[in-house]
Amino acid sequence: MKWFDYTALTIVIIGAVNWLLVGIFRFDLVAFLFGNLSWLSRIIYTLVGLCGLYLLSFFGRIREMSE
């Protein structure tokens, strides 16, 4: 399951970089590469969101490891 954690973290980091580009330069890299709200870009946005929700479980796991 550790590979899934790293994959999810990588996807969320890519999403964070995309939001950084949107915030600073008003440039949406996903929309540029895959089309503005095309089915592929919507899948990418959905994967980033689901991985972000999954990574919320890190808070519980980190707390368990520190106790």
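Predicted model: local features only at pLDDT ≥ 70, side-chain atom pairs only at ≥ 80, totals over all residues.

Colleague: Then is Leu-37 buried or exposed?

Modeller: Leu-37 sits in the loop between H2 and helix H3 (39-55). Its relative accessibility is 58%, and the cut-off for this class is over 50%, so Leu-37 counts as exposed.

Colleague: What is phi of Leu-37 near?

Modeller: Most residues other than glycine have a negative phi. Leu-37 has a positive value, and its phi is near 55°.

Colleague: And which value is phi of Arg-26 near, and where is Arg-26 found?

Modeller: Arg-26 is exposed because its relative accessible area is 80%. Its phi is positive too, in a residue other than glycine, near 55°. As for the place, Arg-26 is found in the loop between H1 and helix H2 (29-34).

Colleague: Let's turn to Asn-18. Is that one buried or exposed?

Modeller: Asn-18 lies in helix H1 (residues 2-25). Its relative accessible area is 7%, and the limit is under 20%, so Asn-18 is buried.

Colleague: Which backbone nitrogen does the side chain of Asn-18 reach?

Modeller: Leaving aside neighbours within four places in sequence, Asn-18 is in contact with residues including Phe-27, Val-30 and Tyr-45. Its side chain also makes a polar contact with the side chain of Asp-28 at 3.1 Å. The backbone nitrogen that the Asn-18 side chain reaches, at 2.8 Å, is that of Leu-29.

Colleague: Now the rings. How are Trp-3 and Phe-4 arranged as an aromatic pair?

Modeller: A pair of aromatic rings is described by the distance of the centres and the angle of the planes. The count comes to three aromatic pairs. For Trp-3 and Phe-4 the centres are 5.8 Å apart with 85° between the planes, and over 60 degrees counts, so the pair is edge-to-face.

Colleague: What about the pair of Phe-27 and Phe-32, how is that one classed?

Modeller: Phe-27 is partly exposed, with a relative accessible area of 30%, whereas Phe-32 is exposed at 59%. Their rings lie 5.3 Å centre to centre.

Technical notes
Residues numbered from 1 in each chain as written. Heavy atoms only, no water. Helix = DSSP H or I, 4+ residues; strand = E, 2+ residues; numbered from the N terminus. Buried < 20%, exposed > 50% of the residue type's maximum accessible area, 1.4 Å probe, protein only. Polar contact = N/O pair within 3.5 Å; in protein donor to acceptor, adjacent residues only side chain to side chain. Contact = heavy atoms within 4.5 Å. Phe/Tyr/Trp six-rings, centres within 6.5 Å; stacked < 30°, edge-to-face > 60°.
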